[in-house]
Amino acid sequence: MSTIIKPRIASHLPTPAERPNSHVVIYDGHCKFCTAGVNRLAKWDARTRNLSFLSLHDPEVRTRFPQLTYDQLMEEMYLVDRDGGIHKGAESFRFLTTQLPRLYPLCPLLYIPFSLPFWRWAYRQVASRRYRLMGKTTECDGDACRIHFK
C-alpha cells in the first residue's frame, strides 16, 4: 500500500498586523506548493519571529504594497523587509537564508559571486510549474493561471 503525502494548508500564519516589525512574505495562497513552503518557513521562524505572511490574493496586499502588481506577485514570491526593501523570487529566498537559522547552511551557496543569474533561472523554472507540481487550492479564474499552464 502506497502513502500519498498531501501538503497541509495553513491554518494560521502570522500576519503583519500580528508582527508589525517583521519581514513580510507575500506568497500565492492558492498554490499548494507555495502554501506548504510558507508553512515550513513559519515553523522554522517560530523562535525568531522575524516573518509574517500575506497571500497575494488578500486585499491587504494592495493596501500595504500598492507598488506591487497582481501579475508580478503571480510570477514569484516577494519579501518586503523591515526597512521596506523589496526582494523577489530567488533574491527573497536568498534573503531568507540570512534570517532563519535552519537555512543558514545554504547562505554561502546562494551568495557565491556571480551565481545569482543561475538562482533566478532555477527559481523561475519551479515557480512557473508550481501548479503542475502540486496543484491549486481553488479553480483557476479566467487568465489567472495562464502563466502556469502554457
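## A residue and its contacts

Glu76 touches Lys88, Gly89 and Tyr123, not counting residues up to four places away in sequence. A contact here means heavy atoms within 4.5 Å. Glu76 lies in the loop between H3 and strand S3 (78–80). Helices (H or I, at least four residues) and strands (E, at least two) are DSSP runs, numbered from the N terminus. Glu76 counts as buried because its relative accessibility is 14%. Buried means under 20% relative accessible area, exposed means over 50%, and partly exposed is in between (1.4 Å probe, protein chains only).

Now take Gln67. Its place is in the loop between helix H2 (59–64) and helix H3 (70–75). Gln67 has 46% relative accessibility, so it counts as partly exposed. Not counting residues up to four places away in sequence, Gln67 touches Gln72 and Ile86.

## The model and its confidence

This is a predicted model, where local features need pLDDT of at least 70, side-chain atom pairs count only at pLDDT 80 or more, and totals for chains, interfaces and linings use all residues. Residues are numbered from 1 along each chain as its sequence is written, and side-chain values use heavy atoms, with hydrogens and water left out.

pLDDT is the predictor's confidence in each residue, from 0 to 100. The protein's average is 87, and 83% of the residues score at least 70. Residues 1–10 stay under 50, and the model gives them twelve contacts beyond four places in sequence. Residues 142–150 are also below 50. That stretch has 18 contacts in the model beyond near neighbours in sequence.

## The overall build

The protein has seven helices and four strands. Along the sequence, the pattern reads β-α-β-α-α-β-β-α-α-α-α. Of its 150 residues, 43% count as buried. Take the contacts between residues at least 6 apart in sequence: 60% of them join residues at least 24 apart.

The protein exposes about 9200 Å², and carbon and sulfur atoms supply 56% of that area. Accessible areas come from the Shrake-Rupley method with a 1.4 Å probe; for residues, only the protein chains shown count as cover.

## The sheet

Four strands form an open sheet. Their order is S2-S1-S3-S4, and the pairing is mixed. S2 and strand S4 (86–88) stand at the edges, each with a single partner strand, so one side of each has no neighbour in the sheet. On average, neighbouring strands are turned by 20° against each other, direction ignored. Axes are lines fitted to C-alpha atoms, for helices over the stretch in contact, and angles run from 0 to 180 degrees between N-to-C directions.

Two strands pair if DSSP finds at least two bridges between them. S1 and S2 run parallel, joined by five bridges. Ile26 stands opposite Leu54 in S2. Tyr27 has Ser55 in S2 as its bridge partner.

S2 is largely enclosed by the rest of the structure, because five of its five residues are buried. Both faces are covered. Leu51, Phe53 and Ser55 lie on one side, with Ser52 and Leu54 on the other.

## Helix H1

Helix H1 covers residues 32–44, and its 13 residues should span 18 Å at 1.5 Å a residue. The expected span is 1.5 Å times one less than the number of residues. The end C-alpha atoms of H1 are 18 Å apart, which agrees.

Buried residues of H1 include Cys34, Thr35, Ala36, Gly37, Val38, Asn39, Leu41 and Ala42. What covers the buried residues of H1? The cover includes strand S1 (23–27), strand S2 (51–55), helix H4 (90–96) and helix H7 (130–134).
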